[in-house]
Amino acid sequence: MASAVGSGLSRAEAFSLLRSLLRTAAKFSDYNIREYVRRRTIDGFRENRGLTDPSAIASAFSEGRSQLEIAKRQAVVYSIYAPQVKNIMELNAS
Amino acid sequence: MASLAATSVFLPGRTRSVSLHGQGMAGASQIRLASFTHQRRSTFFPGQASAPRFESPAKPETVEKVCAIVKKQLALASEVVVTGESEFTKLGADSLDTVEIVMGLEEEFGINVEEDNAQRITTVQEAADMIEKLVSKGSA
């Protein structure tokens, strides 16, 4: 992530993508999908941390971006069919 | 005047603001000086501010909450002491963890942190100060 300056993809952009994904995750009303998106983005970013090859970085980036688009669309769809009852895991926190 | 934790001056009706970070903060000095305003006394004695929008170092409860969130995020053992001065990197957090912590704080306090501000946070105290600033801005 840190060494991707050559291909025009900077650390800051990676962080921006990460934050966008996490923010989109927060929009889901369904606990399960929300937690999954969070987990998956963190795991995905951690997995690709050490990439140095610019083309690999670029492909990981574009994959992340497409996933972000998917997540955004799904957030809207899920909100239409939001469950009335809160998930038990959410109730435990309070 | 530089010996306090982050202080900012907001005066009603003015668009200028001054941010001063004290020596206890992370190495890179981050002094953003727009200009000093007329109320000299409040810039030299921030702790005794009488101006309504003046900020002081974060409340202990805020620091407590931030510490709790950091501990949970980094899965620290309960014996590990987290204070205002603890740096995230020293506690074993990498940049991803820092982003996660900031997101967790956003959710907990209902605030929105700017992209570049999020990158600048290195200690618990800085996070708490920024939270206070954003919360007071949001409720004002």
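Glu106(B) counts as buried, because its relative accessibility is 7%, and the cut-off for buried is under 20%. Keep in mind that this is a predicted model. What does Glu106(B) pair with? Its partner in a salt bridge is Arg19(A), and the closest N and O atoms are 3.5 Å apart. Glu106(B) sits in helix α3 of chain B and Arg19(A) in helix α1 of chain A, so this pair joins two chains. Arg19(A) counts as buried too, at 2% relative accessibility. Side chains of opposite charge can pair when their charged atoms come close.

Let's step back and look at the whole boundary between the chains. Chain A brings 14 residues to the contact and chain B brings 16 residues. Together they bury about 1300 Å², with carbon and sulfur atoms giving 55% of that area. On the side of chain A, Phe15(A), Arg19(A) and Arg23(A) supply 46% of the area buried against chain B, more than any other three residues. So Arg19(A), buried at 2% relative accessibility, turns up here again as one of these three.

Now for the charged pairs.

Is Asp94(B) buried or exposed? With a relative accessible area of 15%, Asp94(B) is buried, whereas Arg46(A) counts as partly exposed at 32%. Arg46(A) forms another salt bridge with Glu100(B), the closest N and O atoms being 4.0 Å apart.

Arg38(A) pairs with Glu35(A), with the closest N and O atoms 3.1 Å apart. Both lie in helix α2 of chain A, 3 residues apart, or about one turn of the helix. Glu35(A) is partly exposed, at 23% relative accessible area.

Finally, follow chain B itself. Its secondary structure comes to 5 helices and 3 strands, in the order β-β-β-α-α-α-α-α along the sequence. Of its 140 residues, 44% are buried. The largest nonpolar core has 24 residues, and among those with the most contacts inside it are Val66(B), Phe88(B) and Leu105(B). Helices α2 (60-74), α3 (95-109) and α5 (124-139) of chain B each give two or more residues to this core. A second, separate core of 11 residues includes Phe15(A), Ile42(A), Phe45(A) and Met103(B). By contrast, Gly92(B), in the loop between α2 and α3 of chain B, counts as exposed because its relative accessibility is 55%. Gly92(B) is 18 residues from Leu74(B) in sequence, and their C-alpha atoms are 7.5 Å apart in space.

Definitions and conventions:
Residues numbered from 1 in each chain as written. Chains lettered and ligands numbered in written order. Predicted model: local features only at pLDDT ≥ 70, side-chain atom pairs only at ≥ 80, totals over all residues. Heavy atoms only, no water. Core = buried A, V, L, I, M, F, W, Y, C linked by side-chain atoms within 4.5 Å. Buried < 20%, exposed > 50% of the residue type's maximum accessible area, 1.4 Å probe, protein only. Helix = DSSP H or I, 4+ residues; strand = E, 2+ residues; numbered from the N terminus. Contact = heavy atoms within 4.5 Å. Buried area = accessible area lost by both parts, 1.4 Å probe. Salt bridge = Lys/Arg side-chain N within 4 Å of Asp/Glu carboxyl O.
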